[in-house]
Amino acid sequence: MYHHKTIAELSRGLAAGEYTSEQLTRHFLQRIEVHGTALNCFITVTADEALTQAREADQRRARGEAGPLTGIPMVHKDIFCTDGVKTSCGSKMLDNFIAPYDATVVRKLKEAGMPLLGKANMDEFAMGSSNETSFYGPVKNPWNTGTVPGGSSGGSAAIVAARLAPLATGTDTGGSIRQPAALCGVTGLKPTYGRVSRYGMIAFASSLDQGGPMTGNAEDAAWVLNVMAGFDVRDSTSVEREVPDYRSGLERPLDGLRIGLPQEYFGEGLNIEVAKVIEVAIEQYKQLGAEVIEISLPNSKRSVPTYYVVAPAECSSNLSRFDGVRFGYRCEEPKDLEDLYKRSRGEGFGSEVKRRIMIGTYALSAGYYDAYYLKAQKMRHLISDDFKQAFESVDVIMGPTAPDVAFELGAKSDDPVSMYLSDIYTIAANLAGLPGMSIPAGFVNDLPVGLQIIGNYFDEARLLNVAHQYQQTTDWHTRTPDAFM
Amino acid sequence: MQWEVVIGLEIHAQLATRSKIFSAAATAYGTAPNTQACAVDLGLPGVLPVLNKEVVRMAAKFGLAIGARVAPRSVFARKNYFYPDLPKGYQISQFELPIVEGGHIDIDLEDGGSKRIDVTRAHLEEDAGKSLHEDFHGMTGIDLNRAGTPLLEIVSEPDMRSAKEAVAYMRKIHSLVRYLEICDGNMQEGSFRCDANVSVRPMGQEELGTRSELKNINSFRFVEKAINFEIERQIDVLEAGGKIIQETRLYDADKDITRAMRSKEEANDYRYFPDPDLLPVVIEPAFLDMVKATLPELPDEKRQRFVDEFGLGAYDAGVLTASREIAEYFEAVVVTVDGAAKLSANWVMGELTAALNKGGQDIADSPVSAQMLGGMILRISDNTISGKIAKEVFEAMWAGEGDADTVIEAKGLKQITDAGAIEPVIDEIIAANPGQVEQYRSGKDKLFGFFVGQVMKATQGKANPQQVNELLKTKLNG
C-alpha cells in the first residue's frame with residue numbers, strides 16, 4: 001500500500017510510472033477522510049487543491065520536468081502561511097485568516113511539486129507540549145487515542161504516525177518537532193537555527209523557532225531537507241551557506257563515531273523504562289562501531305527556566321500584532337479602542353497563550369529586564385558554551401527526547417510546570433541553535449520512545465547519517481499502530 | 001527670580017530612500033491610502049523585516065558630517081506599544097546601541113558669536129502609519145503608506161538656552177541633511193519634524209528642572225512659538241508656587257498654546273529588547289572610508305571658503321550657504337561674472353530671493369538662471385546699464401523676455417556714457433531752473449539731488465549716474 005512506502009520509494013514508483021500523483025493523492029485523501037476526524041489531526045483539508053496540484057505534478061512529469069519530490073503529497077503545520085488557504089496557528093484569533101501569501105517553506109515545497117493535502121492541527125501559536133491548547137481541540141495519539149501526541153507539532157506527528165501523509169512539516173521552538181515525533185514514533189528533525197527560512201512561519205519566539213520535516217524515516221527527512229533548507233533574502237536570520245545534498249552521506253558507516261551521553265539527561269525525572277530503551281539503542285550504536293563517551297552539560301538544568309523567560313518575552317512582542325485591527329478575530333461592538341484591544345485579545349487567545357504573554361511582558365518590563373531577560377541571555381551563552389565544549393570531543397550527543405512516553409489527555413492540563421518539563425531535554429538545542437532529531441527507538445507500555453540526537457552547527461548531514469544507519473538495522477520506524485495499517 | 005531655559009531637541013529626519021526601511025514598498029508621498037503598504041508594512045502574520053542597506057549609508061554619512069562616532073556595531077530593538085497605526089504592536093528602532101553617537105553642530109548666535117550644540121546620538125527607526133479621524137463618521141481610518149518609512153532620529157544634548165537657539169540648531173541640521181542629500185527636508189510633508197524637551201531652572205542652579213516634551217512640531221516658526229509659550233507657562237506655574245509635571249504636550253498652532261497630552265504616569269513602558277528578527281548592523285572601516293569619500297563640502301566649510309575666496313562677510317556667506325542649491329547657484333553666478341562676488345551676493349540675496357519668496361518658488365525653479373543673472377551683472381560691471389536699470393532688466397528676465405542683452409537691446413536700456421550726449425541735457429536743465437541754481441550756489445547742497453533726478457528723468461534713467469554727478473558738479477560749481 002502506498003502509505004507504507006517511504007518518500008524515496010514513492011519517488012521511484014512515480015518515476016517508473018507505477019502510479020500517478022493523482023492516485024497517490026486520492027489514496028491519502030481517502031485515508032484522511034477515514035481517520036482524520038477521529039485523530040482530530042487536521043484543521044483544514046485541502047482536497048480540491050491537492051488533486052489539482054497532483055494533476056499538475058503528473059503533467060509536469062509527463063513533460064519530463066519532475067524533481068525527486070514531484071507528485072508526493074504532504075501536509076503543512078498550520079503555522080505556515082499558505083496563499084489562499086486558512087492559516088489559523090491553532091488559534092481562534094486566526095480562525096478567519098486566509099493567508100495572502102506563501103511562506104518560503106511552502107513555496108519551496110510547492111515548487112518541488114508536492115500537492116498539499118491540508119493543514120495540521122497544533123498547539124495554539126505553537127505553545128504547548130500536548131496539542132491540548134489548540135482552539136480546534138486536542139489531537140489524539142494514533143498509538144493510543146486516550147493519550148496526547150505531544151506538541152506543538154502534534155497534528156503533524158499524528159499524521160505521519162497514522163500514515164495519513166508521508167511528510168508533514170513542523171516547527172520547533174523548544175522541542176515542538178522532536179517531542180511529538182518521539183511520542184508518536186516518527187522521525188523529526190529540527191535543523192540548525194538559520195538553516196530553514198522562517199519567512200511566513202508565524203512567529204512564536206523568533207530567536208528559537210525553526211521549521212523542519214517530520215517523516216517516517218531519516219532518509220525521507222534528508223530528501224525533504226534538501227528542498228526546505230537554504231538562505232532566504234526575506235529572512236535576515238537565515239544563513240548564507242551552501243546546502244549539501246543530505247542524501248549523499250546517508251550510507252557512511254559509523255565506525256569511530258563518538259557519541260556523547262550527557263549525564264544530566266539520565267538523571268531524576270526520567271522514566272526508568274524509557275532510560276532502558278535508550279540504553280538498548282546506544283548498545284545498537286556500539287554494534288555499529290560507535291564509541292560512547294560520558295559528557296556533562298552542567299548548565300542544562302537551567303534550560304527550562306531560561307527558555308521560559310526568552311520564549312515568552314519574544315512571544316509577548318510577536319503576538320502584539322494580533323490586535324483586532326487589520327486581520328484575525330475582532331470582538332463584537334467594541335466601545336472604544338481600549339475595549340477593542342482588550343476584548344479582541346482576551347476572547348481571541350487561549351489561556352496558555354495569555355499566560356506566556358503575561359510572563360513575557362513582565363520579564364521585559366522596566367526594572368525587571370536585567371534580572372530576567374538579560375540574565376536569560378547570559379544563560380543562553382553558558383548553555384551554548386557547554387555544547388561547544390562537548391563537541392570538541394564528540395560528534396553527536398544522544399539521550400532521550402522526552403522524559404516519558406505519551407501521557408493521558410488532560411493529565412497535565414492544569415499543571416503548566418509539569419507540562420513544561422516535557423521539553424526538558426529538547427529546549428537546550430533551541431537555546432544554543434543546534435540541530436536535533438528524534439527517531440523511534442522502542443516502546444514502553446505500547447507507546448513509542450524517541451531517541452534524541454543533537455549535532456553540531458550545520459551538521460544535519462551527520463545527524464541524518466547517524467539516524468539512517470540505525471534505521472537500517474532496526475525496524476522501530478516502520479511500526480504502524482494497528483488501527484492505521 | 002531669574003530663570004534659565006534649557007532645551008533639547010529630537011529631530012526626525014525622513015531618509016530619502018526610494019523603498020522603506022524594512023520592506024520593498026515605495027516611500028513616495030501623497031498616494032492613495034494603503035497603496036504603498038505591503039505584507040511586511042501591514043504586519044501580517046509570519047512576515048519578517050529586511051534592512052534596506054541604503055539607510056545605513058545615509059546614517060553613516062550624517063555621523064561623519066557631525067564628527068560623531070559611527071558605531072561599528074549597532075542593534076535594532078523593538079519598542080512595544082499598542083496603537084492602531086502601529087501594525088506590529090511595536091516599532092523597530094534602536095535603543096542601547098544606536099548607529100551614531102556623539103558629534104556636534106555649531107550655531108550662530110544673534111550677537112554674532114557662535115555656540116556648539118552637542119549631539120547625543122542619532123538612531124535609525126521606522127515611522128508609524130497615520131490615523132485619520134475625519135471623514136469616517138465616528139470611526140477611524142488607518143493609512144499605512146507611511147508605516148515603515150525610514151527615519152533618522154537626531155537627539156541633542158540639552159544645550160540650548162532659548163527658542164532662538166533651538167531654531168538655529170534645527171535650521172542647521174535641516175541645511176545639513178539636505179546638503180548630504182539624505183533627507184528632502186520637506187516640513188509640510190512631515191519629512192523633517194521635531195520634538196522639543198523644555199524646562200526652566202533658577203539661574204545658577206545646576207540641577208535640571210522638570211521638563212515637558214512638545215511633540216511633532218513641523219515648522220521653524222512653530223518651534224519658536226511653541227517653546228516660547230512653554231517657557232512662559234512653566235515660569236508662571238513655578239512663580240505661582242506650583243510644580244511642573246513631566247508630561248507630553250502638543251502645540252496648537254491655531255491658538256498658539258501647548259496642551260497636555262499624557263503625563264509620565266500614563267506613559268508606556270516600552271519594554272525595549274533587541275529585535276530577534278534582525279542581525280546587528282556591522283559597519284566595517286572600509287565602508288566608512290567609502291562613505292567619507294562621498295561627503296560633499298559641508299555648509300560650515302563652504303561658508304568659510306566663501307569668506308576666504310570671495311571676500312564676503314560672514315553673514316552673507318552664511319545666508320548663501322544655508323542651502324546647497326543657493327550656494328551652487330551663487331557660485332555659478334560668480335563664475336559667469338568673473339569675480340564680482342559682492343555684487344553677485346547682493347543680487348542673489350536681494351532681488352532673486354525676494355522674487356522667489358514672492359512666488360513661493362524654489363531656486364531650482366527660478367526662471368532666471370545663474371547664467372542669466374551673471375550675464376546681467378556683467379552688464380552692470382561694464383557700465384552698460386546702471387544698478388537701477390538692472391532691476392528693470394531683472395524683472396523682464398523673470399517675466400521670460402530673454403537674457404539681459406536681449407532685454408537691454410529690445411527696451412533700449414543701454415546706459416548713456418557719452419559725455420557729449422549728457423552735457424546738452426545738463427545745460428538745458430540748468431537753463432530751465434535758474435531759481436534752483438541760484439539757491440544751490442548760495443549753499444543749499446541738498447538741491448544737488450534734484451538736478452540729478454531731472455537729468456535721469458530726461459534720459460529715462462539711462463545716463464551713467466557717476467558721469468552725471470561729475471558733469472553736474474563741474475557745471476553747477478563753475
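**Close-ups of a two-chain predicted model**

**View 1. The biggest nonpolar core.** The largest nonpolar core holds 222 residues, and the ones with the most contacts inside it are Ala59(B), Phe62(B), Ala166(B) and Ala196(B). A nonpolar core here is a set of buried Ala, Val, Leu, Ile, Met, Phe, Trp, Tyr and Cys residues joined through C-beta atoms within 7 Å. Buried means that 20 or more other C-beta atoms lie within 10 Å of a residue's own, exposed means 12 or fewer, and partly exposed is in between, with C-beta atoms placed from the backbone. Helix H3 of chain B (residues 163-179) gives the most to this core, with 10 residues. Helices (H or I, at least four residues) and strands (E, at least two) are DSSP runs, numbered from the N terminus. A second, separate core has 35 residues, among them Val333(B) and Ile408(B).

A quick note on what you're looking at: this is a predicted model, where local features need pLDDT of at least 70 and side-chain atom pairs count only at pLDDT 80 or more, while totals for chains, interfaces and linings use all residues. Residues are numbered from 1 along each chain as its sequence is written, and chains are lettered from A and ligands numbered from 1 in the order in which they are written.

**View 2. Around Ala59(B).** Leaving out residues up to four places away in sequence, Ala59(B) touches Ile99(B), Val100(B), Ala122(B), Leu124(B) and Leu152(B). Touching, or being in contact, means that the C-beta atoms of two residues, placed from the backbone, lie within 7 Å.

**View 3. Strand E6 of chain A and its partners.** E6(A) covers residues 210-215, and six of its six residues are buried. Strand E4(A) (residues 167-172) pairs with E6(A) in the antiparallel sense over six bridges; two strands count as paired if DSSP finds at least two bridges between them. Look for Leu167(A), whose bridge partner in E6(A) is Thr215(A). Strand E5(A) (residues 187-190) also runs antiparallel to E6(A), joined by two bridges, and here Gly188(A) stands opposite Met214(A).

**View 4. An open sheet in chain B.** Three strands line up in the order E5-E4-E16, with antiparallel pairing. E5(B) (90-94) and E16(B) (273-274) are at the edges with a single partner strand each, so one side of each has no neighbour in the sheet. Five bridges link E4(B) (residues 76-80) to E5(B), and one pair to spot is Lys79(B) with Gln91(B).

**View 5. Helix H15 of chain B.** Phe451(B), Gln454(B) and Val455(B) are buried in H15(B). They cover an arc of only 95° around the axis, which puts them on the same side of H15(B); the arc is that of the directions from the helix axis to the C-beta atoms. On the face turned away from the buried side sit the exposed residues Gly449(B), Gly453(B) and Lys457(B). The cover over the buried residues includes helices H13(B) (419-432) and H16(B) (465-477).

View 6. The peptide bond from Gly151(A) to Ser152(A) is cis, with omega near 10°. Cys89(A) isn't a glycine, yet has a positive phi of about 60°, and counts as buried with 34 C-beta neighbours inside 10 Å. Glu333(A), also not a glycine, has a positive phi of about 45°. Glu333(A) is in the loop between H9 and H10 of chain A and is exposed, with 8 other C-beta atoms within 10 Å.
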